[in-house]
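Here is a short briefing on one protein chain. Please look over the sequence and the fold before reading on.

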Amino acid sequence: MPVFLPFFFVDHALHEGAPKVPAAIVLPVKVDGVDCYAQLDTGAPGAVIWHSKGKADAPRKEVTVELAGLRRTASADAANLALLEQGRCASELVATIGNEFFEQGTLELDLAGSRYRWQQGAVLQGAPDAQAMRYVRWSGPGGHPLVTVRVAGGAPQAALLDTGSAAFGINAHSAQAWAGLTGGAALLREQRFQANSWGMPMQCVMGTVPRSLEIGERIKLPAFLGAYCEGLGFQPGEPLAGVVGLHHMLGKVLVIDYVSQRWALRQP
């Protein structure tokens with residue numbers, strides 16, 4: 001069985017005066033043998049999304065990206081690889097690693113111990129604590145893991161499971177989704193702030209929604225941390241209740257089995 005490898009939580013204050021909270025998971029990776037760092041984002045379908053962008057017609061080459069015993073090739077131009085050339089790859093994020101990188105197996109994230117591992121194949125097949133998940137492909141390479149949520153005891157709805165939203169409970173991706181999450185209820189401890197998504201500023205609101213929330217079969221909350229950012233670029237290929245982050249899963253072990261399309265949340 002593969003051994004666990006370390007990852008790092010990056011703590012970030014979402015707005016001025018707010019306490020720092022775990023906001024991103026960062027993985028050590030190698031790019032053509034050079035030690036680098038990349039963010040883990042199960043909200044991103046593709047395998048490797050470079051953070052530095054070059055011109056569309058810039059010459060490209062194939063590079064090898066390695067982590068957790070996996071080796072994937074990715075197309076890159078000089079701008080994508082600038083951190084390697086400048087010797088800054090060990091101090092800045094070179095890329096985001098998305099679902100396609102892991103979709104031939106099972107990703108296990110120990111959120112309490114800041115460690116992870118990847119195993120080939122369907123690890124949760126037949127596991128008694130496994131819950132249903134859909135791994136859907138809307139466009140392009142890779143896909144999105146969808147889990148089931150219930151808001152205020154209502155009908156089950158699909159929601160995106162997103163490690164890139166580590167600081168959040170459940171986010172609304174549209175005004176309609178926000179209305180569905182809040183039901184018009186006033187937020188408790190409401191906070192308004194500006195955030196950035198892929199370099200684009202957004203106006204956000206966050207607070208405790210005084211309604212019950214169930215995430216899968218294991219998380220049952222009398223109230224939950226909800227947020228909505230106007231102008232979020234995410235456009236799902238089907239109706240969703242929202243985007244589930246890691247806030248209500250911290251301290252647990254999250255297992256995503258892309259092959260059998262199951263997920264689990266366990267004690268460490």
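In which strand does Gln-119 lie? Gln-119 belongs to strand E10, which covers residues 115–120. The model is predicted.

- Gln-119 has a relative accessible area of 12%. The cut-off for buried is under 20%. Gln-119 is therefore buried.
- Neighbours within four places in sequence are left aside here; beyond them, Gln-119 is in contact with Met-1, Pro-2, Gly-105, Thr-106 and Glu-108.
- Glu-108 also has a bridge partner in E22, namely Val-255.

**The open sheet**

- E10 is one of six strands that form an open sheet. The order is E1-E10-E9-E22-E23-E11, and the pairing is antiparallel.
- Strand E1 (5–6) and strand E11 (131–132) are the edge strands. Each of them pairs on one side only.
- Inside that order, strand E9 (residues 105–110) and strand E22 (residues 253–257) are joined by five bridges and run antiparallel.
- Strands of a sheet pair through backbone hydrogen bonds, either parallel or antiparallel.

**Disulfides**

- How many disulfides does the chain have? The count comes to two.
- A disulfide is a covalent bond between the sulfur atoms of two cysteines.
- Cys-36 and Cys-89 form a disulfide, with their sulfur atoms 1.8 Å apart. This pair links distant parts of the chain, 53 residues apart. Cys-36 sits in strand E4 (residues 34–40). Cys-89 sits in the loop between helix H1 (82–85) and strand E8 (93–97).
- The link of Cys-36 and Cys-89 is right-handed, with 110° about the S-S bond.
- Are Cys-36 and Cys-89 buried or exposed? Cys-36 has a relative accessible area of 1%, so Cys-36 is buried. Cys-89 has 2%, so Cys-89 is buried as well.
- A disulfide also joins Cys-204 to Cys-229, at 2.0 Å from S to S. It links distant parts of the chain: Cys-204 is in strand E17 and Cys-229 in strand E20, 25 residues apart.
- Why is the disulfide of Cys-204 and Cys-229 right-handed? The torsion about its S-S bond is about 110°, so the disulfide is right-handed.
- Cys-204 and Cys-229 are both buried.
- With the bonded cysteines numbered in sequence order, the pairing reads 1-2, 3-4.

**Strand E20**

- Strand E20 spans residues 224–229 and is mostly covered, with six of its six residues buried.
- Strand E17 (residues 200–209) pairs with E20 in the antiparallel sense over six bridges. Cys-204 stands opposite Cys-229 in E20. These two cysteines are also joined by a disulfide.
- Strand E15 (residues 170–172) runs parallel to E20, and three bridges join them. Ile-170 has Gly-226 as its bridge partner in E20.

**Helix H2**

- Helix H2 covers residues 175–182. Its buried residues are Ala-177, Trp-178, Leu-181 and Thr-182.
- Why do these residues fall on the same side of H2? They cover an arc of only 125° around the axis, which puts them on the same side.
- The buried residues of H2 pack against strand E13 (144–151), E15, E17 and E20.

**Nonpolar cores**

- The largest nonpolar core has 63 residues. Trp-50, Phe-102, Met-249 and Leu-254 touch the most other members.
- Strand E3 (residues 20–31) gives the most to this core, with four residues.
- With neighbours within four places in sequence left aside, the contacts of Leu-254 include Leu-107, Leu-161, Met-249 and Trp-263. Glu-108 is also in contact with Leu-254. Glu-108 touches Gln-119 too.
- Another core lies apart from the largest one and has 12 residues. Among them are Ala-167, Ala-195, Cys-204 and Cys-229.

Technical notes: Residues numbered from 1 in each chain as written. Predicted model: local features only at pLDDT ≥ 70, side-chain atom pairs only at ≥ 80, totals over all residues. Heavy atoms only, no water. Helix = DSSP H or I, 4+ residues; strand = E, 2+ residues; numbered from the N terminus. Buried < 20%, exposed > 50% of the residue type's maximum accessible area, 1.4 Å probe, protein only. Contact = heavy atoms within 4.5 Å. Pairing = 2+ DSSP bridges. Arc of directions from axis to C-beta. Disulfide = S-S within 2.5 Å. Core = buried A, V, L, I, M, F, W, Y, C linked by side-chain atoms within 4.5 Å.
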